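The sequence and the model come first.

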Amino acid sequence: MSAKIIDGKAFAATVREKVAGHVAHIKQERGITPGLAVVLVGEDPASAVYVRNKGKQTVEVGMASFEHKLAADTSEEALLALIEQLNADPEVHGILVQLPLPAHLNSDLVINAIDPAKDVDGFHISNVGLLGTGQKSMVPCTPLGCLMMLRDHHGSLSGMDAVVVGRSNIVGKPMAQLLLGDSCTVTIAHSRTKDLAEVVRRADIVVAAVGRPEMIPGDWIKEGATVIDVGINRVPGDAGKTRLVGDVDYASASERAGAITPVPGGVGPMTIACLLANTVTACCRANG
Ligand code: GUN
């Protein structure tokens, strides 16, 4: 069996189109332009690329983009002062502080200084608690994108066995909450899980978010299962170049899965599309 490829790039384009439609409507009816502020501290090259892409796509859907690039040695006080200023700015509806932050900055403190209503990453402790108790919250973008692809493919997820491999606050934990909210039976597996192969073999849905290149081989995948690969790992390729691979061995997994997301072109493009969607949601909630 050869898996259906879940095309995240095409799906993300449809999400962005819908967001652009909402933005145009809000501008016309209310005279408000939804705005997203992105804060980057330091010069991590991968983070700089993400931030540039976020800014570009924000403008493409008609929203206002505010970029704040701060030096790597920025003090916590200065960063908190900027967040306070953005919290109070009526033109800013969403705030994202790019992670990881330099080691001298306390990420929890910084994230929890963001107004929860503007926390379009869904990382503020209030949003984490709201999501965990099934209340209206800001939902982290990567897991939200995964859920949208799963719902689009399956319709209802009710009663399915889902395994999330990875327990990060950014992906694994919120992903498990979302799947539970859609009535899946959820297992969170991680580096200490005993017999990971057997755990993954039970799953109708596998979400891989561990950040280890191709660590899940195809023969762990149940025939017909749906595989969502969140991993984006750079590995040595041909002729001294590098290439991107996921956390799942795509070639062998796509022989057994019913559906699978490719890397690149799967989960990645959905993350920014969901960030834009969250910003419009934050703008609508702020303006009744
Ligand atoms: N770094 C890697 N992924 C993310 C994300 O989703 N949000 C933020 N703020 N930083 C990240």
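How many Å separate the centres of domain 1 and domain 2, taken over C-alpha atoms? In this predicted model, the separation of the two centres is 28 Å. The chain is divided into domain 1, residues 31-116, and domain 2, residues 141-269.

**Overall build**

Ten helices and eleven strands make up the secondary structure elements of the chain. The radius of gyration is 19 Å, close to the 19 Å that the globule rule gives for 288 residues, so the chain is as compact as a globular protein of that length. Of the contacts with a separation of 6 or more, 69% join residues 24 or more positions apart. Whole-chain values are collected below.

| Quantity | Value |
|---|---|
| Span of the C-alpha trace along the principal axes | about 50 × 40 × 40 Å |
| Buried residues, as a share of the 288 residues | 44% |

In soluble globular proteins, nonpolar side chains tend to be buried together. Here the largest nonpolar core has 86 residues, and Val164, Val165, Val206 and Val207 touch the most other members. Helix H10 (residues 267-286) gives this core its largest share, eleven residues. Where does the core lie relative to the domains? Domain 1 and domain 2 both give residues to the core, so it lies between them.

Val207 can be taken as an example. Apart from its neighbours within four places in sequence, Val207 is in contact with Cys146, Ala162, Val164, Val165, Met175, Ile228 and Val230. Two of these partners, Val164 and Val165, are listed with Val207 among the residues that touch the most other core members.

**Annotated region**

An unreviewed UniProt entry lists residues 140-285 as "domain: Tetrahydrofolate dehydrogenase/cyclohydrolase NAD(P)-binding". In the model, this span is 38% helix and 19% strand, and its end C-alpha atoms lie 17 Å apart.

**Helix H5**

Helix H5 covers residues 125-132, and its buried residues are Asn127, Val128 and Leu131. Seen down the axis of H5, these buried residues fall within an arc of 105 degrees, so they line one face of the helix. An α-helix has 3.6 residues a turn, so residues three or four places apart point the same way. Which exposed residues does the face of H5 turned away from its buried side carry? That face carries Ile125 and Gly129. Helix H7 (172-181) is included in what covers the buried residues of H5. Just after H5, Gly134 takes a positive phi of about 75 degrees.

How values were computed. Residues are numbered from 1 along each chain as its sequence is written. This is a predicted model: local features need pLDDT of at least 70, side-chain atom pairs count only at pLDDT 80 or more; totals for chains, interfaces and linings use all residues. Helices (H or I, at least four residues) and strands (E, at least two) are DSSP runs, numbered from the N terminus. The radius of gyration is taken over C-alpha atoms; the globule rule is 2.2 Å times the number of residues to the power 0.38. A residue is buried if 20 or more other C-beta atoms lie within 10 Å of its own, exposed if 12 or fewer, and partly exposed in between; C-beta atoms are placed from the backbone. Two residues are in contact if their C-beta atoms, placed from the backbone, lie within 7 Å. A nonpolar core is a set of buried Ala, Val, Leu, Ile, Met, Phe, Trp, Tyr and Cys residues joined through C-beta atoms within 7 Å. Domain bounds come from an automatic or database domain assignment. UniProt positions are given in the numbering used here, feature names are shortened, and annotations may be inferred rather than shown by experiment. The arc is that of the directions from the helix axis to the C-beta atoms.
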